[in-house]
Amino acid sequence: MNPVARLFALTAVASCLSMMTGAAWAGATLDRIHQSKVMKVATAANWPPQSFLGEDNTLKGFDIDVANEIGKRLGTKVAFVTPEYGIITAGRWASRWDLSVGSMTPTTERGRVLDFPAIYYYTPYVFAVHKDAAGASAAELNGKTIGVEAGTTSEDYINRRLKIDAADVPAFSYSVEPGSVQTYGDSMGPLDDLRIGNGTRLDATLSALPTIMGAIKAGYPIAPVQGKPAYYEPLAIATDKGDDAFNAELAKAVDDMKADGTLKQLSEKWYGADLTQVQ
C-alpha cells in the first residue's frame with residue numbers, strides 16, 4: 001500500500017472509531033440500565049413529602065413515586081441511593097447512579113455539569129405570617145423582618161437577586177421590601193421562630209407552599225398571605241452531562257406521564273394539588 005492510500009485508510013478507521021465512540025457514549029447509560037435491569041436513582045433520604053423513610057424502612061414520597069414510574073416506563077427496576085445533595089449537584093457521577101429525581105432547581109451554574117431532561121412540577125413560593133396577623137397583604141410586610149432558608153431561591157428573592165433559568169416559568173415581580181432579613185440553616189427554622197408569636201422574632205417567612213401547608217397541618221399557628229405566589233420554582237430531573245439518548249428517553253417518559261394524567265395524580269396524592277403546571 002502506498003503512503004497516500006495508507007493515510008486515507010488510517011483516516012477512515014479513525015473516523016469510524018470516533019463515530020462508534022460517540023454513539024456508545026450517547027447511549028452509555030441506557031446500555032448499562034438495559035444490561036443490569038436496574039436504574040439507580042439519587043434522591044434525598046429525609047425531605048417529606050418528596051422523599052422520606054417510611055415505617056417499613058423503604059423510601060416513600062412524591063419523588064420516589066415519580067422515579068418508580070419512570071423506571072416502569074423504561075422497563076427497569078429502580079434502586080435508590082441517597083448521597084449528600086452537594087455531591088449530586090456537583091456532577092461527574094462516574095456511573096455511581098444514573099439520574100437524580102430529587103426536586104432540583106435547574107440553574108445555569110448546575111447546567112455546566114448536569115443536564116435537565118424534564119421539569120416535572122412547579123412549587124409556588126408564598127409569604128406566611130403568624131395566625132394573629134392572618135389576612136395581611138404582601139404590601140403590609142414592607143419594612144418587616146422576614147425569615148428565609150439560606151442558600152435557596154427564597155433568600156435570592158427577598159434580596160431581589162433571584163434568577164430562574166428554566167423555560168416556561170412565569171415572570172415575577174418583587175412585592176415586598178423587607179426591613180431586615182433573617183436566614184436559617186433549614187426550611188423549618190423560620191417557621192419555628194414565626195410560630196412563637198406575631199413579631200416576636202419574625203413578622204413573616206417566605207417558603208414553598210407545601211412546606212407551609214405541612215407546618216399548618218402539624219399544628220403551627222401560621223397562615224399563608226393571600227394573593228398570588230411570589231414566584232414559581234421549577235423542579236427537574238437531572239442527569240450527568242452528555243448522554244442525549246438517555247435524556248430523550250427520560251423526557252419522553254415525563255411527557256407521557258403528563259399527557260396521561262399520571263403525574264397530576266401523584267402530585268395530588270402527595271401535595272393535595274396539581275403542581276405539574278403553573279396555576
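In helix 3 (residues 62-74), the residues V66, E69, I70, R73 and L74 meet F246, E249, L250, A253, V254, D256 and M257 of helix 8 (residues 244-259), where contact means heavy atoms within 4.5 Å and helices (H or I, at least four residues) and strands (E, at least two) are DSSP runs numbered from the N terminus. The residues of this contact between helix 3 and helix 8 divide into 8 nonpolar, no polar and 4 charged, with Ala, Val, Leu, Ile, Met, Phe, Trp, Tyr, Cys and Pro counted as nonpolar, Asp, Glu, Lys and Arg as charged, and the others, Gly among them, as polar. The model is predicted, so that local features need pLDDT of at least 70 and side-chain atom pairs count only at pLDDT 80 or more, whereas totals for chains, interfaces and linings use all residues. Residues are numbered from 1 along each chain as its sequence is written, and side-chain values use heavy atoms, with hydrogens and water left out.

The axes of helix 3 and helix 8 come within 10 Å and cross at roughly 110°, the axes being lines fitted to C-alpha atoms, for helices over the stretch in contact, and the angles running from 0 to 180 degrees between N-to-C directions. The two helices are therefore roughly perpendicular to each other, given that angles under 35 degrees count as roughly parallel, over 145 as roughly antiparallel, 65 to 115 as roughly perpendicular and the rest as oblique. The crossing of helix 3 and helix 8 is right-handed, a term that applies if the near helix is turned clockwise from the far one by less than a right angle, anticlockwise being left-handed.

Helix 3 also packs with helix 9 (residues 262-271), at an angle of about 160° and with the axes 9 Å apart; helix 3 and helix 9 are therefore roughly antiparallel to each other. In this pair, F62, D65, V66, E69 and R73 of helix 3 meet T262, L263, L266, S267, K269, W270 and Y271 of helix 9, and the contact residues divide into 6 nonpolar, 2 polar and 4 charged.

Turning to the strands, 6 of the 6 residues of strand 6 (residues 99-104) are buried, so this strand is largely enclosed by the rest of the structure; buried means under 20% relative accessible area, exposed over 50%, and partly exposed in between (1.4 Å probe, protein chains only). L99, V101 and S103 point one way from strand 6, and S100, G102 and M104 the other way. Strand 6 is joined by 2 bridges to strand 1 (residues 38-42), with which it runs parallel, and by 2 bridges to strand 12 (residues 231-240), with which it runs antiparallel, pairing requiring at least two DSSP bridges between strands. S100 stands opposite A42 and also opposite A238 in strand 12.
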